[in-house]
Amino acid sequence: MAPVPVDYTYRMRIEHRPGQLARVMEAIAEAEGLVGEVRTCTLTRSFSVRELTVEVEDGAAAEELRDRLDAIDSVEVEDWHDRALALHEGGKLTIEPVRAVESVQDMRDVYTPGVARACEAIRDDPDAARRLTMIGRTVAICTNGTRVLGLGDIGPLAAMPVMEGKAVFYAQLVGLSAMPILIDAAEPDEFVETVARIAPTFGGIHLEDISTPECFEIEERLIERLDQPVMHDDVHGTGVVALAAAIGACRQVGIEIGEAVVGQLGLGAAGFGIATLMVEAGAQRVLAFDPDESSHAHARERGVEIVDDEETVLRESRIVVATTGRPHSIEPERVREGQVILALSNPEPEIDPEAATSAGAAFASDGSMVNNVLGYPGLFRGALDAHADRIDSRMKLAAARALADASGEGELLPDPLDGTVHERVAEAVRQAAPER
């Protein structure tokens, strides 16, 4: 696997005279770094203190750049650090009360004797727990760490930063509390039993970073067993956002999903979710190829046509979605005139979008825009608002269409940090949920 670039921040004291900042930038360019954020901390007549965030290949390249910068006359590197690791110090989550206890009466209301009133109300009407406790606005993010990002089976403990990150966006974007749950169980039986036993604590169960094909069995068994929404985000959240991107791309080239043959390269968790949701969205046909046959039967059951080679997918499909994890595996000469190409593997796509359009694609994009943070917060918020016992196809399709409709002119997808987008998705999901 290719190394993932890292962002380092360099805090420098620079003599304040013409050309000094240019020399800093030249050193960064010579080290093949990419400048991101630039922040001026101090500016005086004689010197400035600036923080530059630079994308570099790895830690060794970051240290080499530090040495280059320190070697410049009148430049002193005061501090340098891995930006991501620094922002993870102490973790990313806390649990806090929604209101302060400031008097004896407050104490009597929230604890004894007043708390007994809430306990009795829930005993008499279990649905009251949604209203009288945090359950109605709380999601469990459950993982065993067997398939984390592109890192593979790194175990539940090393998966925690991802789970915390998911929880941050639940809180920031849709006002839900999400609790990471690390489960040391690779086998489906043990994992399912663990989640089922803790499920009463939560309004919904978000499954994350579980290997295929185990993730399909785990999700299906939990859906059957529990009376609250269960969704594997790597499958369905990714599928929703990819479908929204495909709808947006089709609008830009003047076609409809229902008129198109869709090809899916790669049937891991994400590819499976995308292909099956394309079927649900009414694509004319959905063709898929993956040399690993573990998901084939599961995909066929849901209307996906499995073909024998990549060439068939590329030759017969108007829309091609790739989630193979194999960078630069689609050569430009294999692109058909007028195709829509969504090469979604990160950090390197199957084909560079510019290369695809130069080869004749009507539209092309990569995974930098297709982020499932656009999907899962609104999906779960809408499901909890509707008191739904599951997240079904209608709700996922409604979420994808809401995302496509929220995109601005010329945009493939809307800004993932725009809270109004997530409100629109949540409302669309709530309205699409079946009545209980």
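In the predicted model, helix H10 passes helix H11 in a right-handed crossing, a crossing being right-handed if the near helix is turned clockwise from the far one by less than a right angle, and left-handed if anticlockwise. Local features need pLDDT of at least 70 and side-chain atom pairs count only at pLDDT 80 or more, whereas totals for chains, interfaces and linings use all residues. Residues are numbered from 1 along each chain as its sequence is written, and side-chain values use heavy atoms, without hydrogens and water.

The axes of H10 (residues 233-253) and H11 (residues 269-280) come within 7 Å and cross at roughly 55°; axes are lines fitted to C-alpha atoms, for helices over the stretch in contact, with angles from 0 to 180 degrees between N-to-C directions. H10 and H11 are therefore oblique to each other (under 35 degrees is roughly parallel, over 145 roughly antiparallel, 65 to 115 roughly perpendicular, and the rest oblique). Contact (heavy atoms within 4.5 Å) involves residues including Leu243 and Ala246 of H10 and Phe272 and Leu277 of H11.

Six strands form an open sheet with parallel pairing, in the order S11-S10-S9-S12-S13-S14; helices (H or I, at least four residues) and strands (E, at least two) are DSSP runs, numbered from the N terminus. Strands S11 (305-306) and S14 (363-366) are at the edges with a single partner strand each, so one side of each lacks a neighbour in the sheet. S13 (residues 340-343) pairs with S14 over four bridges, pairing requiring at least two DSSP bridges, and Ala343 stands opposite Asp366 in S14. H10 lies across S12 (319-322), S13 and S14, at about 150° to S13.
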